[in-house]
Amino acid sequence: MRSSSYLRTIAVSILVTFAAAHSSWVTAQTWQQAIGYDQLVLEQGGSVPNGSTRVLSMVEANTGAGSGGFTYLPNSANAQFTGKTIIDGSGVSTGPSSHATTVGQNFFGNTSSISQGSTNITGYLADHWVGDVLGFSTGLDPQSQPFHVQNHSYIGSPTPANATNMSRRFDYVNQQNNILSFAGTSNSSSTTLPRIFSQTYSGLIVGRSDGLHGAGFTTLYGNGRIKPDIVLPAPNISQATARSSSVGSVLSHQASLHSNGDASRMEVLKAAIMAGATKDEFPTWANTTTRPLDLRFGAGEVNIYNSFHILAAKEQNGSLTIPGNAITFRGWDYGEALAAGNTMFYDFHALSEIGELSLVLTWNPIILDLDPGPMFDPSFDLPNMSLSLVNLTTGFSTFSNSPVDNVEHIYGRNLEAGHYRIAVTTDKDTTFGLAWRISAIPEPSSMIAFGFVLAVEAFRRRKFLVGRSSPDEK
């Protein structure tokens with residue numbers, strides 16, 4: 001057991017996101033209905049994955065500091081956790097945390113989450129996890145982590161230099177261990193983001209569908225990137241983050257069923273979640289060719305129905321030359337080694353007007369430990385990747401090429417029929433995740449292949465959202 005004095009060295013910079021400052025979010029739907037889960041269950045029945053094979057982790061701030069204790073674990077006696085094993089990863093718990101209990105219920109609860117089959121959970125005290133597991137206090141290499149999904153429902157305000165150090169370690173751990181991590185912003189409408197861990201590259205950063213959360217441009221560890229990445233209906237950020245982690249657990253379980261393993265890559269899962277996100281809830285949603293996400297709602301509201309079907313379409317490899325086969329209207333690819341200066345192509349034929357198109361490209365920074373010994377000496381390099389779309393039939397083209405982000409997003413509605421080509425480029429050798437969903441007007445009963453002709457009269461006004469600025473764009 002570590003001493004109390006050691007564990008409190010970081011606590012002053014950790015802030016728990018308790019109940020939201022605003023509670024105006026009201027809807028007739030449950031959050032499961034809102035994100036398409038009930039629709040998925042209605043369609044798929046008992047075959048919907050429930051997270052049963054996933055090993056989960058949650059990191060929580062200490063809510064018992066005022067009484068001299070360490071409370072950061074869910075209450076294992078709660079009925080929502082019956083049949084689940086909750087391990088104390090920090091080893092200093094003096095009692096359950098009501099905040100951790102609520103987060104756990106939304107993350108892996110038996111009826112209050114959608115990953116009810118998850119039974120193996122490890123909980124950490126945030127001070128210990130940041131200081132010891134990440135190695136921030138010791139300077140040592142971050143420890144290996146055996147988890148598929150990890151939840152961070154807390155925020156912190158260390159100095160910019162310390163926050164950068166912590167964030168780089170956070171990204172390194174996620175990449176080395178292929179962990180799909182979710183972290184929140186804050187419970188306010190501020191344009192100032194918390195310093196940890198909402199400004200990381202590898203995590204999926206979560207906001208609220210009502211927009212009452214911290215949002216805007218990162219100010220450290222790579223300035224000018226947009227956060228959050230996604231939003232989800234919830235009364236506060238802690239629960240929104242936990243619910244997103246529950247979605248991640250289900251999709252990670254689904255991905256594990258693919259024999260080649262590529263679907264389980266964090267880059268692919270992140271791309272599938274973001275490409276599946278919906279925008280209809282947000283009339284002002286907009287991005288530009290150099291700013292891939294909306295300033296407040298990111299890629300949009302999580303929709304597990306869409307993301308499930310993206311993953312279900314299985315991997316569809318791109319080509320370094322002119323593609324000989326078409327991709328289907330939903331799908332994904334894990335680019336294992338795209339060399340600098342090369343381009344990966346993906347073609348599809350839309351033989352009727354496209355009602356909606358969503359393309360998302362994600363990748364990680366290259367973080368290497370330059371110290372051959374036990375100390376952590378990271379280098380950092382971010383590949384500059386771009387995503388483009390061309391209608392070879394009409395000549396229409398658009399692109400997403402942010403100079404600072406590690407995500408590119410092309411989104412459009414009511415696009416003309418034609419032969420389309422997606423292109424992915426990079427300036428450095430890298431791996432990536434690409435996910436897409438495309439719907440025709442009317443939706444075809446099966447995916448369109450090359451050479452098949454379907455004549456459908458276009459009846460809706462064409463509109464492309466990429467390049468449109470939102471009213472509050474900076």
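The structure is a predicted model, in which local features need pLDDT of at least 70, side-chain atom pairs count only at pLDDT 80 or more, and totals for chains, interfaces and linings use all residues. Residues are numbered from 1 along each chain as its sequence is written, and side-chain values use heavy atoms, with hydrogens and water left out.

Helices (H or I, at least four residues) and strands (E, at least two) are DSSP runs numbered from the N terminus. Strands of a sheet pair through backbone hydrogen bonds, either parallel or antiparallel. Two strands count as paired if DSSP finds at least two bridges between them; β19 (residues 385-391) and β22 (residues 418-426) are joined antiparallel over seven bridges. Within this part of the structure, Val-390 has Arg-421 in β22 as its bridge partner.

Helix α4 comes next. Spanning residues 98-108, α4 is mostly covered, with nine of its 11 residues buried (buried means under 20% relative accessible area, exposed over 50%, and partly exposed in between, with a 1.4 Å probe and protein chains only). Among the buried residues are His-99, Val-103, Phe-107 and Phe-108. At the start of α4, a side-chain oxygen of Ser-97 comes to within 3.3 Å of the backbone nitrogen of His-99.

Aromatic rings are also worth a look. Rings of Phe, Tyr and Trp (its six-membered ring) pair if their centres lie within 6.5 Å, and planes under 30 degrees apart count as stacked, over 60 as edge-to-face and the rest as tilted. By this rule there are 16 aromatic pairs. Phe-81 and Phe-108 make a tilted pair, because their ring centres are 5.4 Å apart and their planes stand at 45°. This pair links distant parts of the chain, 27 residues apart: Phe-81 is in the loop between β3 (71-73) and β4 (85-88), and Phe-108 is in helix α4. Both Phe-81 and Phe-108 are buried. Phe-329 and Phe-348 form an edge-to-face pair, at 6.0 Å centre to centre and 85° between the planes. Phe-329 lies in the loop between α9 (304-312) and β14 (330-338) and Phe-348 in strand β15, so parts 19 residues apart in sequence are tied together. Phe-329 and Phe-348 are both buried as well. Elsewhere, ring pairs link Trp-129, Tyr-154, Phe-170 and Phe-197 into a cluster.

The last stop is Asp-369, found in strand β17 (residues 366-369). Asp-369 counts as partly exposed because its relative accessibility is 22%. Contact means heavy atoms within 4.5 Å; leaving out residues up to four places away in sequence, Asp-369 touches residues including Asp-141, Tyr-172 and Phe-376. Tyr-172 is 197 residues from Asp-369 in sequence, yet their C-alpha atoms are 9.0 Å apart in space. A polar atom of the Asp-369 side chain lies 3.2 Å from the backbone nitrogen of Asp-371, and one lies 3.0 Å from the backbone nitrogen of Asp-377.

Methods. A polar contact is a pair of N or O atoms within 3.5 Å; within protein, one must be able to donate a hydrogen and the other to accept it, and residues adjacent in sequence count only if both atoms are side-chain atoms.
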